[in-house]
Amino acid sequence: MLSSVSFQTRARTIDHLGREQIADCPTAISELWKNAYDAYARSVELHIFDGEIEVAALIDDGHGMSRQEFEEKWLTIGTESKTAGFEINDIDRDGLNYRAKQGQKGIGRLSSAALGSLLLIISKRKDSNYVAALIDWRLFENPFMFLQDIRIPIVDFETCHELTDILPSLFDQMMGNVWGDGDDEGRDTRLTQAWKMFSEQEEQEGKEQLTQDEIVNTLISNVFSERHFDKWPLWQRSLGHGTAMFMANINDDLRHQLSKIPIQNADGPEYVARDRFFQTLSNFTDPYSAENEPQAANFSNSVTVWHGQFPKVLIDEVREFDLKNLEDLEHIIEGEVDSEGYFNGRVKAFGVWHEDYIVKPKVSYKTRKDSAFGAFHIRLGTFELQVGSSSLSDDLHSSFTQQMEKYSGFRVYRDGLRVMPYGRVDSDYFEVEFRRSKNAGRYFWSNRRMFGRVAITRDNNPNLKDKAGREGFIENRASKLFREIVENILLDVADRYLGAKSENRKENISDIKEKKDQIKAEEDRKKLQTKERKRVRNAINNNIISLENHTRELAEIRDTFISRIELNDLTELQELKHKIDFFVNKTREYSLSPIPANLGRLEDDYRAYRKQELLARDYVNELSILVNKAISDSSEKSLVEKAEEVYRSKLASLNSSITKYASDGKEMLAKQHEEFNELVKECREQYKIVTKECLEELKLERMSLNDVLNKLDEEQEKLEIENRQKLSPYVTALSRISEQIDLEGLAIHSMNETIKYREEINRLHALAQLGITVEIIGHEIEGLDITITRGLKTIANGALSSSQEQAYHNVLNAHQSLSDKWQFLSPLKLSGEKVNRKITGQDIYQYVLKYFAQLFNELNVTFTATSAFLNLSIVEQPSRIYPVFVNIVNNSQYWVQKSESNKKSITLDFKNQHVIIADTGPGVDRDDLEQLFTLFFTRKQRGGRGIGLYLCRQNLMAGGHKIRYETVEENKILPGANFVIEFKGLRND
């Protein structure tokens with residue numbers, strides 16, 4: 001018998017189309033944000049609330065829905081509102097320009113199922129009532145339930161406050177999908193049977209809590225409250241329009257965002273979830289488009305987490321990396337690709353722009369309307385990974401290295417909104433890393449240090465369509481050609497300008513290395529100058545009293561010798577001669593030579609010290625002359641005997657000096673030999689250490705071969721440069737020593753010559769500037785002088801007529817102008833007065849405690865200050881003091897988490913006139929002490945930029961204060977890091 005039947009739809013179809021279809025949590029959020037964009041919202045916000053049951057709220061100010069629209073459109077899967085023929089009217093656009101629709105299949109709303117199991121949706125259209133519906137997505141996980149048996153409770157109401165009374169009835173009606181409503185016996189029977197079969201299946205699978213019980217337990221709880229509703233601006237005024245989704249029992253990715261632990265302290269799945277969440281949603285709208293390019297105008301998105309009533313913004317409108325930052329990169333591609341695949345634009349390589357750059361397609365593409373890829377725009381930048389090969393400054397290079405961890409990626413944007421998943425670390429759509437794994441030299445580009453995007457539009461690229469799960473473009477001829485064209489552009493630019501095949505790269509790298517060497521030499525010069533000033537300062541401080549005593553002793557010996565009328569005993573003369581030789585050597589040891597050219601504030605102290613040194617030299621020279629004469633005049637021995645005795649005395653003195661040098665030299669050589677062997681050993685082992693982990697990850701299939709090969713290439717290139725920088729100075733220095741070249745004397749002489757010539761150049765520049773100024777002003781003065789002369793002549797002719805009176809006034813005005821112009825040459829006061837005030841230890845402690853109170857509480861860190869510290873005081877600028885303590889304490893809170901001890905303590909103390917900041921962390925490795933306060937040095941695995949301690953020292957130095965790291969264990973307050981600050985003018989009341 002011939003008949004016809006209809007499809008029967010199980011409820012689980014909705015689960016397949018929604019929760020199971022979407023790639024991940026950030027992608028689901030992006031789909032809902034796109035729906036808000038399609039509804040002509042100006043802003044869309046995601047709020048995540050803590051509580052017994054965590055709740056997420058996604059709110060917008062779009063045109064909203066009436067009850068009829070909600071039932072006929074939102075609850076209708078694949079609705080016609082996403083088709084090409086359906087347009088939003090002018091009223092619903094609310095004054096905004098036309099927006100190309102982002103949704104395509106009418107199922108994006110189901111993404112909310114991926115965020116939380118229970119959804120309360122509320123919407124309001126202008127001049128209409130509110131409409132609310134309650135949906136538990138777990139209903140659709142039951143494979144034995146028919147879709148038509150699930151009823152969604154809906155209600156409309158006039159004012160927002162009515163919802164509080166209506167909400168329980170929505171929950172009650174929802175329960176009808178579990179137990180039945182009693183109004184349809186057949187439906188009730190089917191529901192009972194479906195839940196019975198599903199529960200039996202879950203019990204067989206070993207599930208701890210049945211889905212049916214989970215739904216019941218959730219529904220009877222007080223899930224949604226005013227705390228959640230208040231964040232929707234529409235809720236406060238009941239005027240306007242928009243849609244809000246409130247989701248309970250949120251998924252783990254959203255729950256991880258509520259963590260109070262700083263991202264650098266997070267680890268494992270939590271860090272991955274938070275990092276991916278930020279990377280995906282912080283770049284939802286195109287940050288790299290100029291004003292005349294497609295943008296998502298008048299649209300903002302944000303994410304805020306709430307701990308009680310305290311908000312923490314994760315994502316907002318502030319762009320930390322945008323077009324301005326991209327333009328600072330040293331390598332950039334930007335331009336248009338036409339509908340035939342021709343790229344026309346410009347390329348920046350090693351900081352130099354090359355205009356009118358054209359890339360032809362591989363072949364002439366023949367496409368039809370349904371396979372055409374369409375025109376698009378590309379803007380992409382990157383930088384050299386190795387700082388020694390980069391044309392960027394070290395500061396800028398370090399900044400990009402930090403930013404690439406959060407903002408790198410080669411993305412695709414459609415009409416200003418991001419197309420998922422392109423640009424994420426797990427996406428290699430343009431096969432950048434695949435090619436790089438074959439030949440990292442030629443295939444220059446790397447996803448992890450690329451910043452940029454391809455911008456397409458729905459009008460120009462209609463055949464580039466998203467997959468249902470938003471896992472990229474549907475694989476069709478248009479998407480394949482699109483990808484091939486982009487890859488061809490990347491290859492062409494690499495071959496011509498950036499990769500190993502490029503002559504341009506070889507020339508630029510050579511120039512860059514030469515410039516870097518010059519910069520390194522300049523840094524070394526400054527370092528040596530600082531070291532020499534420190535040597536002179538320490539020598540003066542340590543020796544000035546001893547030198548003064550030495551000079552007085554020499555004066556007394558000289559006076560005693562002169563006062564004696566006669567001294568003929570040769571033995572006594574020889575002993576005195578030997579003693580004077582000792583004083584000669586001792587006087588020589590007080591010498592500070594060689595002296596750096598510019599001593600700055602040390603100049604006066606050095607002059608006083610030098611005066612004593614020269615006085616001592618005069619005394620020993622005078623004594624030598626007197627004793628030599630006395631020995632010559634003595635008649636006890638022959639001339640030869642006298643000379644031989646002096647010779648033996650001198651020889652003994654020289655041998656003693658040589659023995660000391662030999663002992664010190666051998667000790668230094670032995671130490672350097674040991675250190676050099678250790679350094680060589682370290683260089684040999686370093687590559688094994690840095691690559692061992694990635695090889696293990698490959699064995700465990702946690703990393704791809706492409707990523708591992710990329711890592712091996714990068715580390716080998718990096719270590720080649722580092723090893724050369726570490727080992728080459730040893731070889732060069734030993735070579736110069738073998739040639740008997742005084743490296744220190746040569747370096748100081750070169751430094752002094754450089755300073756001298758630089759000062760000369762500065763004086764010449766100042767003189768030239770003064771000459772230019774005088775020349776400019778001189779011409780004006782000459783013109784004014786002529787005016788004065790003519791006016792005076794007119795006055796001298798007789799009584800003042802009306803014209804003469806005018807001339808007289810001209811003279812006065814010209815004279816005034818002349819005075820004003822001459823004042824131009826007077827110095828300008830460019831700086832205002834800095835304000836100092838009294839700062840106590842109590843002030844500092846309270847400031848830091850208030851700054852970190854919440855974090856200390858969350859991390860169980862004990863922060864204390866001793867009474868000695870609380871009672872100290874200093875008169876200084878607060879901007880020099882408070883940031884230092886905040887920075888060091890912030891470092892301490894990070895490192896105490898890494899300590900093996902369970903005790904997490906930070907304390908402030910005052911001891912021996914020094915302020916001490918101590919903690920129970922692992923402390924600073926002895927090998928890192930020399931570079932501890934240098935710029936960009938850090939041992940933090942994440943979040944560290946290496947500028948904090950450098951700025952601390954600079955801040956303190958500006959006020960004449962000092963900071964150091966305590967290395968003597970007996971002086972430490974706590975077993976971890978102990979920083980000692982020597983404040984100038986410190987008091988302890």
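I counted a salt bridge wherever a side-chain nitrogen of Lys or Arg sits within 4 Å of a carboxyl oxygen of Asp or Glu. The model I am working on is predicted.

**Salt bridges**

By that rule I get 44 salt bridges in the structure. I went through some of them one by one.

I began in helix H3, residues 67-74. Glutamate 71 bridges to arginine 67, with the closest N and O atoms 3.0 Å apart. The two residues are four apart in the helix, about one turn. I checked how open they are. Glutamate 71 is partly exposed at 37% relative accessibility. Arginine 67 is also partly exposed, at 32%.

Next I looked up aspartate 94. Its partner is lysine 126, and the closest N and O atoms are 3.9 Å apart. Aspartate 94 lies in the loop between helix H4 (90-93) and strand S3 (116-124), and lysine 126 in the loop between S3 and strand S4 (130-136), so this pair ties together parts 32 residues apart in sequence. Aspartate 94 has 29% relative accessibility and counts as partly exposed. Lysine 126 is partly exposed too, with 37%.

Then I turned to aspartate 181 and arginine 187. Their closest N and O atoms are 3.3 Å apart, and they form a salt bridge. Is arginine 187 buried or exposed? I find arginine 187 buried, because its relative accessible area is 1% and the cut-off for buried is under 20%. Aspartate 181, at 36%, is partly exposed.

I also noted a network. Salt bridges link Asp286, Glu293, Glu334, Arg346, Glu355, Arg379 and Arg453.

**Cysteines**

How many disulfides are there? I count zero. Cysteine 25 is buried, with 2% relative accessibility. Cysteine 160 is buried as well, at 1%.

I moved on to strand S1, residues 43-49. Five of its seven residues are buried, so the rest of the structure largely encloses S1.

Which strands pair with S1? On one count, S7 (residues 300-307) runs parallel to S1 and is joined to it by seven bridges. I picked out valine 44, whose bridge partner in S7 is asparagine 301. Strand S2 (residues 55-60) runs antiparallel to S1, with six bridges between them. Here leucine 46 has leucine 58 of S2 as its bridge partner.

S1 and S2 make a hairpin, with five residues between the strands. In the turn I noted glycine 51, which has a positive phi of about 145°.

**Nonpolar cores**

Finally I looked at the cores. In soluble globular proteins, nonpolar side chains tend to be buried together. The largest nonpolar core here has 96 residues. Leu46, Leu120, Ile122, Phe224 and Leu254 have the most contacts inside this core. Helix H5, residues 163-179, gives the most to the core, with eight residues.

Leaving out residues up to four places away in sequence, isoleucine 122 touches Tyr130, Val131, Ala132, Phe157, Leu163, Phe229, Trp232, Trp235, Gly242, Thr243, Ala244 and Phe246.

Methods: Residues numbered from 1 in each chain as written. Predicted model: local features only at pLDDT ≥ 70, side-chain atom pairs only at ≥ 80, totals over all residues. Heavy atoms only, no water. Disulfide = S-S within 2.5 Å. Buried < 20%, exposed > 50% of the residue type's maximum accessible area, 1.4 Å probe, protein only. Pairing = 2+ DSSP bridges. Core = buried A, V, L, I, M, F, W, Y, C linked by side-chain atoms within 4.5 Å. Contact = heavy atoms within 4.5 Å.
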